[in-house]
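Trainee: I would like to learn how to read local features from a structure, taking each general idea before the case itself.

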Amino acid sequence: PIGFGAILANLPLSGLNEPNGLLEMFRWGIKSGLFPPIIFLGVGAMTDFGPLIANPKTFLLGAAAQLGIFTTLIGALLLNFKLPEACSIGIIGGADGPTTIFLTNKLAPELLGPITIAAYSYMALIPIIQPPIMKLLTTKKERAIVMIQTREVSKTVRLIFPIIILLVSSICVPDSASLIGMLMIGNFLRESGVTERLSKTVQNELINIITLFLGIAVGSSMTADSFLKRDSLYIFLLGLFSFMFGTAGGIIIGKILCKLTKGKINPLIGAAGVSAVPMAARVVQKVGQKENQSNYLLMHAMGPNVAGVIGSAVAAGILLAIVKN
């Protein structure tokens with residue numbers, strides 16, 4: 001959809017690009033901030049917070065993986081990007097496409113095309129980017145650690161969790177309330193057990209339609225004069241470093257937790273804190289199983305993985321607050 005949107009935007013067809021044309025209608029979904037929260041609604045309905053609730057320590061891994069956001073922000077400032085632009089580039093490290101679009105639209109809409117392309121490109125390249133970093137920062141013995149099965153989480157706790165997260169995040173970081181709020185509403189639809197039809201609709205038809213519209217809208221902003229610039233190359237390079245630092249941050253905290261728990265936590269699961277649900281968790285599973293065939297880290301990695309989704313939304317709210325002030 002992004003590619004077709006870009007093609008349409010660069011065609012000399014007045015009916016598409018005029019103020020009331022078709023592409024402008026698609027772009028309205030981004031300019032108004034409507035599309036990203038709706039996608040978060042679908043993500044919430046597809047997400048199982050059970051592994052995170054069962055092992056709350058993985059919250060730390062999700063938070064640590066946001067290191068890439070703030071280190072990249074500093075790097076962007078050193079390359080003479082303005083603060084709003086640097087914040088938008090930094091959020092690439094959250095490995096969360098809707099959050100990246102949400103923040104960039106508010107702070108640096110002129111960079112929406114290259115930043116979105118960088119974010120989604122590196123999310124797709126996670127199976128290539130992460131394994132070398134994971135192997136570099138961990139020992140063979142650490143990668144082979146088998147974690148015990150997580151405890152069962154009661155239905156009551158699953159229902160209370162999204163409500164608490166919504167309230168706490170709205171009070172502490174109000175600028176991220178629209179994203180986290182929709183994420184938690186979607187999860188509540190999933191866990192309530194009485195809205196199965198709505199939950200399935202949100203998980204499938206709704207999120208697919210909005211993803212299609214979002215791709216066309218982002219692609220239509222990629223006109224040649226706004227995309228083919230030196231700054232676009234800088235954005236791609238900074239985006240790569242953002243992913244690398246985020247992965248490293250999660251693994252380093254994972255190693256610390258491994259020491260504190262006397263080897264009960266496999267440091268590899270920290271790499272899943274960069275969000276990118278569930279691809280990052282699958283990469284952790286694959287790397288861990290190469291060292292130990294009996295190792296099953298997928299569900300353990302889903303804890304920091306979904307924590308990373310919350311963490312990236314919170315980070316976006318913090319960056320918005322920084323720019324406002």
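Trainee: Where is the place of Ala276?

Mentor: Ala276 sits in the loop between H17 and H18, where helices (H or I, at least four residues) and strands (E, at least two) are DSSP runs numbered from the N terminus. Before going on, note that this is a predicted model, in which local features need pLDDT of at least 70 and side-chain atom pairs count only at pLDDT 80 or more, while totals for chains, interfaces and linings use all residues. Residues are numbered from 1 along each chain as its sequence is written, and side-chain values use heavy atoms, with hydrogens and water left out.

Trainee: What is the phi of Ala276, and is Ala276 buried or exposed?

Mentor: Most residues other than glycine have a negative phi, and most peptide bonds are trans. The phi of Ala276 is near 50 degrees, a positive value in a residue other than glycine. Ala276 counts as buried because its relative accessibility is 6%, given that buried means under 20% relative accessible area, exposed over 50% and partly exposed in between, with a 1.4 Å probe and protein chains only. In the loop between H17 and H18 there is also Pro278, and a cis peptide bond, with omega about -10 degrees, joins Val277 and Pro278.

Trainee: Which loop holds Asn80, and why does Asn80 count as exposed?

Mentor: Asn80 belongs to the loop between helix H7 (67–78) and helix H8 (83–90), and Asn80 counts as exposed because its relative accessibility is 71%. Although Asn80 is not a glycine, its phi is positive, at about 70 degrees.

Trainee: How should I read aromatic pairs, and how many does the structure hold?

Mentor: Rings of Phe, Tyr and Trp (its six-membered ring) pair if their centres lie within 6.5 Å, and planes under 30 degrees apart count as stacked, over 60 as edge-to-face and the rest as tilted. The structure holds five such pairs. Among them is the tilted pair of Phe59 and Phe161, at 6.4 Å centre to centre with 35 degrees between the planes. This pair links distant parts of the chain, since Phe59 is in helix H6 (residues 58–64) and Phe161 in helix H13 (residues 155–172), 102 residues apart. Phe59 counts as partly exposed, at 29% relative accessibility, whereas Phe161 is buried, with a relative accessible area of 12%.

Another tilted pair is formed by Tyr122 and Phe243, at 5.9 Å centre to centre and 50 degrees between the planes. Tyr122 lies in helix H10 (residues 112–124) and Phe243 in helix H17 (residues 230–260), so this pair ties together parts that are 121 residues apart in sequence. Both Tyr122 and Phe243 are buried. Phe26, Phe35 and Phe213, in turn, form one aromatic cluster.

Trainee: How many disulfides are there?

Mentor: A disulfide is a pair of cysteine sulfur atoms within 2.5 Å, and by this rule the count comes to zero. Cys87 is in no disulfide, and the nearest cysteine sulfur, that of Cys172, is 20 Å away. Cys87 counts as buried, at 0% relative accessibility, and Cys258 likewise counts as buried, at 7%.

Trainee: Which side chain has a polar contact with that of Asn292?

Mentor: A polar contact is a pair of N or O atoms within 3.5 Å; within protein, one must be able to donate a hydrogen and the other to accept it, and residues adjacent in sequence count only if both atoms are side-chain atoms. Here the side chains of Asn292 and Ser294 are joined by a polar contact of 2.7 Å. Asn292 lies in the loop between helix H18 (279–291) and helix H19 (298–324).
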